[in-house]
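Please open the model in your viewer and keep the selection tool at hand, for this tour goes from one selection to the next and says at each stop what is there.

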Amino acid sequence: MHIILVEDDTQLGAAIQRALERLAYTVTWLHDGRAALIALRDETADLVLLDLGLPGKDGLEVLIEARRNNIKTPVLVMTARDTLEARVAGLDAGADDYLIKPFHLDELGARIRSLTRRMQGLAANRIEVGALSLDLGTSEVSFRGERVELTRREFSLLQTLMERAGRLVRRESLENSLYGLDNAVGSSALEVLVHALRRKLSFETIQNVRGFGYMIPREPK
Amino acid sequence: MKPTSLRARLRWLIVIVLVAVLVPLGVLSFQRTIKEVDELMDGRLAESARTLEVLIQHTGISSLSGQDGRGDLVPVPNETAIKLARSKHAYTYEAEVGFQVFDSLGRPMLATANVIDLPAPQPGDADFQDLHTGQYNWRVYTLRDVAEGVTIRTAERYDSRNGILHALWLDHGVPLVIGLPLLALLVGWAVKRGLQPLASLAQALSSREPGSRKPIHLGQAPLELQPVLAALNGQLERQEDALERERRFSADVAHELRTPLASIMINLESAIATSNLTEAQDSLAGAQHSVAALARRIEQLLALARLEAGVASGQRTAIDLVEVASDVIEELTTIIADSGVQLDFMQQSPQVIVQGYEAALAALLRNLIENALRHVPQGGQVQLIIEQGAKEATLDVIDDGPGIPAEQRAAVFARFHREKSSRGDGYGLGLSIVQRAAELHGASIELLDSPFGTGLRVRVAIPLGE
């Protein structure tokens with residue numbers, strides 16, 4: 001899952017990026033409002049973590065402008081502005097959730113998962129497709145009742161495919177979700193990742209439409 | 001004390017002015033009328049005498065010769081008959097009149113009965129006289145030597161004349177007596193009506209929510225109320241501005257403190273959660289950086305508080321800017337060394353004395369130098385120049401960093417603005433300290449082009465004062 005983080009504080013930005021990457025998210029870190037707006041327009045992110053006190057363009061303005069441009073990407077606002085008015089203004093401007101600094105990593109993670117669930121129309125952290133079971137909270141995956149150890153990227157890929165089980169997911173969409181705005185990734189990286197995942201599960205679990213994308217069927221054999 | 005009412009005051013003033021003008025005017029006009037009436041009646045008396053004269057000349061004097069030495073008496077109707085006649089014909093101004101005719105020796109020849117008791121005419125008498133009989137006063141006209149020394153007297157009773165004057169007085173006085181209270185009532189209404197905008201203003205003020213600082217609007221404020229409204233709205237606006245500045249400041253402070261706090265929390269939690277040593281070390285280093293940033297911001301806030309407190313209690317004293325600058329540079333030695341930036345202090349004279357507050361000037365210098373150091377990359381340079389001019393002392397902090405585009409400079413001090421190139425390093429707080437300290441000394445701050453080609457020149461000009 002690809003998250004755009006907009007935070008101008010060097011240390012906090014780096015800390016969140018490190019922490020989220022450890023949780024198998026793909027994070028693109030931007031430092032100011034103008035860059036954030038440009039990135040939002042591309043609609044490549046699955047979620048945006050937005051600081052409000054930004055240089056260049058205030059976070060709230062970014063949010064309002066993005067929503068005016070009909071960009072529906074979920075936005076989680078992180079801010080020091082804790083007054084009722086500020087929170088109401090933030091939510092009314094189109095924020096999907098509001099997190100007040102300072103916050104715990106666990107809470108940030110939980111809110112990201114909650115927004116993700118809402119986005120996917122899921123009610124719980126656990127996604128199950130056939131013999132596959134994936135827990136977003138604990139990052140645990142089991143296949144035919146056996147626990148499977150996955151790397152961050154493998155987990156992320158599996159999550160994306162399971163969330164859209166039964167549907168073909170285009171490879172550009174997968175690459176974006178896995179590598180974010182990082183263009184330096186080779187075109188074979190996705191194939192390598194799919195290969196690794198098939199080895200840990202079974203070959204038939206992930207189906208391939210050559211040159212187009214991948215899918216996990218609703219009832220894998 | 002009961003408050004004076006503008007409305008009552010106006011009403012009374014107007015009524016007093018009206019009375020002061022109308023009453024003398026009425027009295028004057030009444031007096032004029034009395035005089036005119038007197039002249040008119042006197043004229044009528046003279047006229048009657050002339051008529052008699054014509055009659056006597058026509059019939060001849062011999063016809064008037066009296067027998068008993070008292071002359072002939074012409075009967076006059078008695079009073080009741082007169083009253084009856086008057087009520088029938090209603091001649092309001094018909095007067096009680098009489099006449100006498102005397103021969104050349106002063107013997108009465110002919111007279112009406114009502115004037116028979118009047119004293120005989122004397123040679124020196126004026127044309128018009130006021131004479132008395134038993135109970136009446138008479139106005140008398142004497143016409144002498146008409147023919148063969150005959151003297152004619154016509155007379156009119158004063159009470160008839162007074163009746164006319166009485167009627168005239170009623171005509172003049174009654175409207176005034178009735179009119180004035182009516183006028184007072186109408187003036188009261190007019191004043192109330194005229195002061196309606198004041199009542200509207202009071203209504204607008206009293207119907208406001210408590211603590212509201214929205215400007216007051218009256219549909220169409222009259223000219224006299226406009227300065228009041230403008231002053232009131234100006235006051236409200238300044239209050240709103242001050243509050244807005246205060247709000248922005250506290251929001252800024254919250255941001256400046258909570259952001260590093262958030263970073264510390266996330267970094268420490270990450271360090272605990274990970275099993276990867278490098279990652280844990282990165283997180284701890286991040287937390288350490290944020291602790292330092294937090295400490296610096298708290299120092300800045302304390303400096304700002306001390307600055308306000310020092311000013312509240314202290315007096316301005318003679319301060320040597322060169323000495324203050326040297327102290328600040330000494331304090332910053334470690335930071336300067338760590339930054340890898342070359343700092344040059346150029347002083348024109350060994351002393352530059354201004355009247356001011358030492359702590360505030362030190363805070364101003366420290367923040368300007370720190371800001372410059374933070375925005376200049378390693379190997380860059382910062383210059384501090386202190387000069388004494390004729391009217392002001394100037395502090396210049398010049399750097400060769402990225403600078404601020406000319407079109408954005410005005411906005412830097414406008415609010416707790418954060419410059420695009422600064423990555424949330426407490427720049428906002430530092431600038432508000434600089435701004436507050438400058439304000440205390442009546443000093444101006446200018447952001448200018450740097451003589452290095454790139455970078456910024458911050459110039460603070462402190463007036464030397466008295």
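Select Ser339(B) to begin with: in this predicted model, Ser339(B) has a relative accessible area of 15% and therefore counts as buried, since buried means under 20%. The residue belongs to helix 8 of chain B, which covers residues 333–339. If you display its side chain, you can follow it to the backbone nitrogen of Val341(B), which it reaches at 3.3 Å.

Phe128(B) sits in strand 4 (residues 128–132) and Tyr141(B) in strand 5 (residues 137–143) of chain B, so that the pair links parts of the chain that are 13 residues apart.

Now bring both chains into view and turn to the place where they meet. Here 27 residues of chain B are in contact with 28 residues of chain A, and the two chains bury about 2,400 Å² between them, with 55% of that area on carbon and sulfur atoms. Ten residue pairs are in polar contact between chain B and chain A, counting pairs in which both residues have pLDDT 80 or more. The elements of chain B that give two or more residues to this side are helix 5 (226–273) and helix 6 (277–313), and helix 5 gives the most, with 13 residues. On the side of chain B that touches chain A, the residues divide into six nonpolar, twelve polar and nine charged.

Three salt bridges cross this interface. To see a salt bridge between the chains, select Arg258(B) and Asp82(A), whose side chains meet at 2.9 Å, N to O.

Finally, move to chain A and select Asp32(A), which lies in the loop between strand 2 (26–30) and helix 2 (33–42). Asp32(A) counts as buried, at 12% relative accessibility, and its side chain reaches the backbone nitrogen of Arg34(A) at 3.1 Å.

Terms used. Residues numbered from 1 in each chain as written. Chains lettered and ligands numbered in written order. Predicted model: local features only at pLDDT ≥ 70, side-chain atom pairs only at ≥ 80, totals over all residues. Heavy atoms only, no water. Helix = DSSP H or I, 4+ residues; strand = E, 2+ residues; numbered from the N terminus. Buried < 20%, exposed > 50% of the residue type's maximum accessible area, 1.4 Å probe, protein only. Polar contact = N/O pair within 3.5 Å; in protein donor to acceptor, adjacent residues only side chain to side chain. Contact = heavy atoms within 4.5 Å. Buried area = accessible area lost by both parts, 1.4 Å probe. Salt bridge = Lys/Arg side-chain N within 4 Å of Asp/Glu carboxyl O. Nonpolar A, V, L, I, M, F, W, Y, C, P; charged D, E, K, R; others polar.
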